[in-house]
Amino acid sequence: NEQTNAIPFEFILKGRNMLLRKGIEKEARQYGVSLEQAIEIIYFPAAIQPESVSSQVKLPDWISSVSICHSKIFVGCYDGSVHVYDNDNDNDDQNTNTNIQ
């Protein structure tokens, strides 16, 4: 008995540059696409959450943004958290990690 792993897909209505998140009918109605005509849908494999790799810095695997201001490094994550690191400190073990949710 062969077991196959399901591959998640993302969908885009042709002509739109946004992922389909509401279902075809809701998306079509919102953007004035007639349901009486053929609707082209583009699909592709979805990004899969990366596996954790051991490191000194503990961050979620899905990082959405990084910004540096003076000596601080701000890291925004898709789980809604923001991590702040002090870049003035040369010793990685002593960097400040403040998790703000």
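Biologist: Is Cys 69 buried, partly exposed or exposed in this structure?

Modeller: This is a predicted model, and the class follows from the computed accessibility. Cys 69 has a relative accessibility of 38%. Buried requires under 20% and exposed over 50%, so Cys 69 with its 38% counts as partly exposed.

Biologist: Which class does Cys 77 fall into, buried or exposed?

Modeller: The relative accessible area of Cys 77 is 7%. The limit for the buried class is under 20%, so Cys 77 is buried.

Biologist: How many disulfides does the structure hold?

Modeller: A disulfide is a covalent bond between the sulfur atoms of two cysteines. In the model, a pair of cysteine sulfur atoms would have to lie within 2.5 Å. The number of disulfides in the structure is zero.

Biologist: Where is His 70 found, and what is its phi?

Modeller: His 70 lies in the loop between strand 3 (63-69) and strand 4 (72-77). With a relative accessible area of 80%, His 70 is exposed. Although His 70 is not a glycine, its phi is positive, at about 55°.

Biologist: Is Glu 27 buried or exposed?

Modeller: Glu 27 has its place in helix 1 (residues 24-30). Its relative accessible area is 5%. Since buried means under 20%, Glu 27 is buried.

Notes: Residues are numbered from 1 along each chain as its sequence is written. This is a predicted model: local features need pLDDT of at least 70, side-chain atom pairs count only at pLDDT 80 or more; totals for chains, interfaces and linings use all residues. Side-chain values use heavy atoms; hydrogens and water are left out. Buried means under 20% relative accessible area, exposed over 50%, partly exposed in between (1.4 Å probe, protein chains only). Helices (H or I, at least four residues) and strands (E, at least two) are DSSP runs, numbered from the N terminus.
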